[in-house]
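Hi everyone, thanks for making the time. I'd like to walk you through a few places in one model, so please have the picture open while I talk.

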Amino acid sequence: MTLASVPGATLERPPAPEDSVRTRFLPAAFGLMAAGIGTILAGCGGFGAAAKAPADPCGDMPCGVIKHVVIIVRENHSFDNLFGTFPAADGATTVMQGAKRIKLGETPDSLQTDIGHSVASALLAIDGGKMDKFYLIPYSMQHGKNVAESQYYRRDIPNYWLYAKDFTLADHYFSSVLGDSFPNHISLVAGTNLGVIEDPKTPPGSSKSRYWGCDSPAGTYVQVATTYGIENQFPCFNAKTLVDEADAAHVSWRYYAPPAGTVGYVWSTLDAFRQIRQSKLWSANVHTPSQFDSDVSHGTLPAISWLSGDWKVSDHPPASICAGENWTVGKINEIMRSPLWYHTMIILTWDDFGGFYDHVPPPRESAYTLGPRVPTIVISPYSRAGTVFKKQLDARSILKYVEGLFHLPQLATFNRDVNNISEMLNLRQKPIAPVILKPRTCPTGGGGSAPY
């Protein structure tokens, strides 16, 4: 696809946010990165090397033109759990338990089991905005340790930390819904949870327990908040999504997720939309992560894409955070090693809080929205490097940006009166050179069985 064939592939120049909405640090490191000078960032089992930019890094197109938006969706970690100790971020290292303040412990690389993060667990933990009852949610205690009120240190997630340091970290990005994966993944394609407030429930003993959408067996239901109360509905919807908008505008897109029969298939979110699952769009546009590898290597990455991994590399407890980080690094390295890098925006985000502590009460828009903060990092040659972005964001902020970038018709029904994630970019700056990271050797052992 040529630049001329991509609607909206023009040089967007959003105004720079005021200093009050971001915190800058390590300006010297940013200067080196922006100049494309090779550096080695050593520490904690990972390293970053700024690759030397070619003489004409943007080829025959102006620098600052974003042609590809890649949304990498990880699982189940709150902001404080991953970046509570990050410099200049609104993080926390302690938590109140009633009248007692305690220090957050260090999260193990892998857990014994998943932590409760349903609507009920979220409401209990948030406690009307006090954020003081995470220790009471199911499976918060594992092997005698309070894992719900714990956090990773830089040494535990060195490569995620480097992405946050070398590019742009948002510290007020909120999950869309109080609760678990399904409604939050729906919001990342539709801009709304469609009223869904939990993961689908399949009939006991079903051979398709790992199917959450239109493929679900008869008897599967999901709870949906309606004007008449909570209703049980089959998890197959007709609502318009961002991909319907892209298709109408002839803008290329693909959703890369694990195939049917695997645990990660529950995160193949477009299975929950009838007009996609039961049409030719499914076979043409929904593929496995291995196809992502091929599309990057052949330069055929679409304009808009989502990417999720199977559960062992998803960051979803009880799986190893190191294994998930390595998988993410591998995918991002692929883009950075390709000519696509200079025209790509990677949005690295997590779907829900996973039961882990966060100290910032989520803004209340309805009984079930918004959910607790989750980390989000914008990785691009045009990221505001060395910046912690302070404005409130959520999934709608991503869709709003993509709609504007590619001039998509607004077919999906959601509130667009939100901040735009484009403010995390500076399209006027000299492009940041690729930062190739080295996967780590992960701790031996591992977590418990798959969560679904």
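Let's start with Ser380 and its contacts, where contact means heavy atoms within 4.5 Å. Not counting residues up to four places away in sequence, Ser380 touches Ile66, Phe167, Trp341, Thr344, Met345, Leu425 and Ile432. You'll find Ser380 in the loop between β18 (376–379) and β19 (387–389). For those labels, helices (H or I, at least four residues) and strands (E, at least two) are DSSP runs, numbered from the N terminus.

Is Ser380 buried or exposed? Ser380 is buried, because its relative accessible area is 0%. My cut-offs there are under 20% relative accessible area for buried, over 50% for exposed and partly exposed in between, with a 1.4 Å probe and protein chains only.

A word on the ground rules before I go on. This is a predicted model, so local features need pLDDT of at least 70 and side-chain atom pairs count only at pLDDT 80 or more, while totals for chains, interfaces and linings use all residues. Residues are numbered from 1 along each chain as its sequence is written, and side-chain values use heavy atoms, with hydrogens and water left out.

Now to another serine. Ser308 sits in the loop between β16 (304–307) and α10 (321–336). With a relative accessible area of 1%, Ser308 is buried. Its contacts, leaving aside neighbours within four places in sequence, are Val73, His185, Tyr255, Tyr256, Ala257, Pro258, Trp267, Pro289 and Trp327.

Ala148 is in the loop between β9 (145–146) and β10 (150–151), and it counts as buried because its relative accessibility is 0%. Leaving out neighbours within four places in sequence, Ala148 is in contact with Ile115, Phe134, Ile137, Ser140, Gly355, Phe356 and Tyr357.

On to the disulfides. As a reminder, a disulfide is a covalent bond between the sulfur atoms of two cysteines; the search criterion here is a pair of cysteine sulfur atoms within 2.5 Å. How many disulfides does a search of the whole structure find? The search finds 3 disulfides. Counting bonded cysteines along the chain, the pattern is 1-2, 3-4, 5-6.

Cys58 and Cys63 make one of these bonds, with their sulfur atoms 1.8 Å apart. The torsion about their S-S bond is about 105°, so this disulfide is right-handed. Cys58 is buried at a relative accessible area of 3%, whereas Cys63 counts as partly exposed at 28%.

Cys214 and Cys236 form another disulfide, with sulfur atoms 1.9 Å apart. Their link is right-handed, with 85° about the S-S bond. This pair links distant parts of the chain, 22 residues apart: Cys214 is in the loop between α5 (181–190) and β12 (222–226), and Cys236 in the loop between β13 (229–233) and α6 (242–248). Cys214 and Cys236 are both buried.

Then there is Cys322, joined to Cys442 with an S to S distance of 2.1 Å. Why is this disulfide left-handed? The torsion about the S-S bond of Cys322 and Cys442 is about -85°, so the disulfide is left-handed. Cys322 lies in helix α10 and Cys442 in the segment after β20 (435–437), so the pair ties together parts that are 120 residues apart in sequence. Cys322 is buried at 0% relative accessible area, while Cys442 counts as partly exposed at 27%.

Last stop, the aromatics. Rings of Phe, Tyr and Trp (its six-membered ring) pair if their centres lie within 6.5 Å; planes under 30 degrees apart count as stacked, over 60 as edge-to-face and the rest as tilted. The structure holds 14 aromatic pairs. One of them is Phe83 with Phe86, an edge-to-face pair at 5.8 Å centre to centre and 90° between the planes.

To finish, look for charges over rings, meaning NZ of Lys or CZ of Arg within 6 Å of the ring centre and within 35 degrees of the ring normal. Lys208 lies over the face of Tyr211, 5.1 Å from the ring centre. The charged end of Arg416 sits over the ring of Phe414, 3.9 Å from its centre.
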